[in-house]
Amino acid sequence: MTATAPIRVGLVDDQQLVRAGFRMVIDSQADLQVVLEAGDGAQAVRALDPAAHTATGPVDVVLMDVRMPTMDGLTATAQITARATDASPAPRVIVLTTFDLDEYVLSAIRAGASGFLLKDAPPEEMLAAIRTVHHGDAVIAPSSTKRLLEHLVTALPPDEPGAPSDPARVAVASLTDREREVLVLMARGRSNTEIGSDLFVAEATVKTHVGRILAKLRARDRVQAVVVAYETGLVRPGS
C-alpha cells in the first residue's frame, strides 16, 4: 500500500483493446488506479458529471482519445473542463493523438486539456504524463510533444480564427523581462530545475515566476502559457 491514495484515472477510447492495454499498464503501478472507462465522449461527459454521484468517485486524470463516435474527444474535453469550479475542480485531461491529428490538438489545449500524448508513446512516458499532470504541471517536456507543439503553431495561419488575440498580446507585453525569459525557456520544454540552472536562480524563485506568468496570461497551466508564447510570436519554432 502506498502512503497516499492512488491517482484515479479515467480512460476514454472507443477501442476496447486499447483501453484494456492502458488499464493493464496503469493498474500495474502502486500509485495509479483506473476507476472509469468510457467508449466515447458522451459517455465520459455523463460519467464525469459531479451530479451523477457515480460509485467510482472523483477522477483525477483522464486519458482522452480524439476520434470517437457519438461525441469526439475535443467536444468532451471542453464540456468536462467547463464544469470546473473552486469547490469542484474538473479532472485534468490528457489528449491522446497521432501526428496526422495534430490540427485538432491545439483546439483541445484551448478547451482546457492539460497536455497531449502520442498514442504510440512508450508506456513509461504515459505513466509519467499522468503523474505530471496530476501534480499540477502540464505535459510539454517529451521531445515528441515539443515537436508536435511547434508543428501546430507553425501551421496556424495568422489571420485564422485561432490567431493570437489582442488580449493575449497585451498579457505577454505585461510580463517583466525575467518573466519573459522564463516563459521562453518553458516553451523550449525546460523544467523548473533546468530554468533555475540556466538563469542562476533558485528553483523556488522559478516557481514564483511561473505562477505569475500563468496568472498574467490567465493560463490554466504551462501548456496553455506556451501556446500563447508561440502564437504571439514571443517564441518561434527552432528558436
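These legends accompany close-up views of a predicted model. Local features are taken at pLDDT of at least 70 and side-chain atom pairs only at pLDDT 80 or more, while totals for chains, interfaces and linings use all residues. Residues are numbered from 1 along each chain as its sequence is written, and side-chain values use heavy atoms, with hydrogens and water left out.

**View A. Helix 1 packs against helix 5.** Helix 1 (residues 16–27) and helix 5 (residues 123–134) have axes 10 Å apart, at an angle of about 70°. Helices here are DSSP runs (H or I, at least four residues) and strands are E runs of at least two, numbered from the N terminus. Axes are lines fitted to C-alpha atoms, for helices over the stretch in contact, with angles running from 0 to 180 degrees between N-to-C directions. The two helices are therefore roughly perpendicular (an angle of 65 to 115 degrees). Look for Phe 22, Val 25 and Ile 26 of helix 1, which meet Pro 123, Met 126, Leu 127 and Ile 130 of helix 5 (contact means heavy atoms within 4.5 Å). By class, this contact has 7 nonpolar, no polar and no charged residues (Ala, Val, Leu, Ile, Met, Phe, Trp, Tyr, Cys and Pro count as nonpolar, Asp, Glu, Lys and Arg as charged, and the others, Gly among them, as polar).

**View B. Helix 8 crosses helix 10.** The axes of helix 8 (residues 177–187) and helix 10 (residues 203–217) come within 10 Å and cross at roughly 90°, which makes the pair roughly perpendicular. On the helix 8 side, Arg 178, Glu 179, Val 182, Leu 183 and Met 186 take part, meeting His 209, Val 210, Arg 212, Ile 213, Lys 216 and Leu 217 of helix 10. These residues divide into 6 nonpolar, 1 polar and 4 charged.

**View C. Helix 10 also packs with helix 11.** Here the axes are 10 Å apart at an angle of about 65°, so helix 10 and helix 11 are roughly perpendicular. Their crossing is left-handed. Val 210, Leu 214 and Leu 217 of helix 10 meet Arg 222, Ala 225 and Val 228 of helix 11. The contact has 5 nonpolar, no polar and 1 charged residues.

**View D. The largest nonpolar core has 25 residues.** Val 12, Val 62, Met 64 and Val 95 have the most contacts inside this core (a set of buried Ala, Val, Leu, Ile, Met, Phe, Trp, Tyr and Cys residues joined through side-chain atoms within 4.5 Å; buried means under 20% relative accessible area, exposed over 50%, partly exposed in between, with a 1.4 Å probe and protein chains only). Elements that each supply at least two core residues include strand 3 (61–65), strand 4 (92–97) and helix 11 (222–231). Leaving aside neighbours within four places in sequence, Val 95 is in contact with residues including Met 64, Thr 77 and Phe 116.

**View E. Thr 70 and Phe 200 have positive phi values.** Most residues other than glycine have a negative phi. Thr 70, with phi near 70°, lies in the loop between strand 3 and helix 3 and is exposed at a relative accessible area of 72%. Phe 200, with phi near 60°, sits in the loop between helix 9 (192–199) and helix 10 and is exposed at 76% relative accessibility.

Methods. Angles under 35 degrees count as roughly parallel, over 145 as roughly antiparallel, 65 to 115 as roughly perpendicular and the rest as oblique. A crossing is left-handed if the near helix is turned anticlockwise from the far one by less than a right angle, and right-handed if clockwise.
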